[in-house]
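I'll jot things down as I look them up.

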Amino acid sequence: MKKFLATTAVVGMMATAANAATVVDLTTGGDVTSLGQMGSFDTVGAQGSIDPWRAGSGADYLTQTASGLGVYGFGDSSAQLDGFVDEAITFNFDYAVRLVSVTFSYFGRGDDADIYVNGSKVANESSSNPYYFGNVIATSFTIGADGSTDSFRIKEFKVAPVPLPAAGFLLLGGLAGLGALSRKRKKSA
């Protein structure tokens with residue numbers, strides 16, 4: 001019985017740990033592992049690629065400062081995510097995650113962002129900073145700037161693992177119970 005209780009406690013702790021949010025730091029010295037026309041990020045709980053986009057430009061580059069990520073293209077002096085020419089950054093995950101929030105720097109009164117999850121627009125001209133996704137499960141999200149007054153950087157985002165369905169915990173509990181019964185039968189025989 002003690003082993004059964006110990007197993008149940010371990011499963012319960014795993015369920016609690018699965019809900020912990022991971023912060024992906026996009027500032028200099030953070031979790032970005034490569035830059036250029038395609039970048040990447042890697043931290044415990046979140047890995048994937050970063051794809052910059054700029055309207056009408058074939059040479060889009062990620063820029064990074066102590067304030068976060070932006071986009072640089074031909075004739076773009078700010079190297080931030082700005083709407084002088086429409087720009088966007090897409091984050092693609094290696095596996096599905098639960099999106100929690102994204103935080104911007106240099107995000108002022110005239111700034112707003114278009115936000116896409118798995119390619120579908122979920123916020124048009126959002127002025128929320130941070131922006132909360134509502135714990136949606138996704139494999140990608142995009143932040144875009146399309147207004148002439150937009151000029152900001154993406155500082156960080158938070159994700160959490162996709163939780164194990166309740167049926168999985170019931171299965172684990174049932175298997176632990178069967179194991180305990182099996183051991184009890186072996187001792188009485």
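Ground rules: I'm looking at a predicted model, where local features need pLDDT of at least 70, side-chain atom pairs count only at pLDDT 80 or more, and totals for chains, interfaces and linings use all residues. Residues are numbered from 1 along each chain as its sequence is written, and side-chain values use heavy atoms, with hydrogens and water left out.

Of the 189 residues, 40% are buried (under 20% relative accessible area, 1.4 Å probe, protein chains only).

Threonine 63: I found this residue in strand E5, residues 61-65. It counts as buried because its relative accessibility is 15%. A polar atom of its side chain lies 2.6 Å from the backbone oxygen of alanine 79.

Aromatic rings: How many aromatic pairs are there? I get 13, pairing rings of Phe, Tyr and Trp (its six-membered ring) with centres within 6.5 Å. One of them joins phenylalanine 141 and phenylalanine 157 edge-to-face, 5.2 Å centre to centre with 80 degrees between the planes (over 60 is edge-to-face, under 30 stacked, the rest tilted). Phenylalanine 141 sits in strand E11 and phenylalanine 157 in strand E12, 16 residues apart. Phenylalanine 141 is buried at 0% relative accessibility, and phenylalanine 157 is buried at 1%. I also noted one aromatic cluster that includes Phe41, Tyr131, Phe141 and Phe157.

Technical notes:
Buried means under 20% relative accessible area, exposed over 50%, partly exposed in between (1.4 Å probe, protein chains only). Helices (H or I, at least four residues) and strands (E, at least two) are DSSP runs, numbered from the N terminus. A polar contact is a pair of N or O atoms within 3.5 Å; within protein, one must be able to donate a hydrogen and the other to accept it, and residues adjacent in sequence count only if both atoms are side-chain atoms.
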